[in-house]
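Here are my notes on this one, in the order I'd go through them. Have the viewer open as you read.

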Amino acid sequence: MGNHLKIQRGGIAMIMPNKVYDTLKWVATIAMPAAGTLYFALAETWGLPKGAEVVATLAALEAFAGALLQISSAKYNAANKA
C-alpha cells in the first residue's frame, strides 16, 4: 500500500496513504463545514445551545487539519519531484 506516517530524526514526516489523505481532506473541506452550517442553522431555528461557539470550534479544527494536510501534500510533492 502507499506511504505511512514515519518517524524521522527531528520530528514526524507527514506522509500517509492516499486513502487516509483523501478521507481527511474530505472531512476538513466538506464534512466539517457542512456540520457547522447545519448545527448553526438548527441552533438558530430550534434554540440549541452555543451555535456560534460550535461553529468557531469547527472552523479552528478545519484550519488546523488543512494546515497539516498542506504540510503532508508539500512533503509528498517534494519527495516525488526527484
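Contact here means heavy atoms within 4.5 Å. Keep in mind that this is a predicted model.

1. Start with Leu48, in the loop between helix H1 (18–46) and helix H2 (51–81). Leaving out residues up to four places away in sequence, Leu48 touches Tyr39, Leu42 and Ala43.

2. Next, the overall layout. The protein chain has 2 helices and 2 strands, and from the N terminus the order is β-β-α-α.

3. Then the helix pair. The axes of H1 and H2 come within 9 Å and cross at roughly 170°. Angles over 145 degrees count as roughly antiparallel, so H1 is roughly antiparallel to H2.

4. Who meets whom across that pair? On the H1 side the list includes Tyr21, Leu24, Met32, Tyr39, Phe40 and Ala43; on the H2 side it includes Val54, Val55, Leu58, Leu61, Ala65 and Leu69. The residues of this contact split into 16 nonpolar, 4 polar and 2 charged. Tyr39 and Ala43 are listed in the H1–H2 contact, and both also touch Leu48.

5. Last, the whole-chain numbers. Of the 82 residues in the protein chain, 18% count as buried. The accessible surface comes to about 6100 Å², with 67% of that belonging to carbon and sulfur atoms. Among contacts with a separation of 6 or more, 41% are between residues 24 or more positions apart.

Key:
Residues numbered from 1 in each chain as written. Predicted model: local features only at pLDDT ≥ 70, side-chain atom pairs only at ≥ 80, totals over all residues. Heavy atoms only, no water. Helix = DSSP H or I, 4+ residues; strand = E, 2+ residues; numbered from the N terminus. Buried < 20%, exposed > 50% of the residue type's maximum accessible area, 1.4 Å probe, protein only. Areas by Shrake-Rupley, 256 points an atom, 1.4 Å probe, with all protein chains shown as cover. Axes fitted to C-alpha atoms, helices over the stretch in contact; angles between N-to-C directions. Parallel < 35°, antiparallel > 145°, perpendicular 65-115°, else oblique. Nonpolar A, V, L, I, M, F, W, Y, C, P; charged D, E, K, R; others polar.
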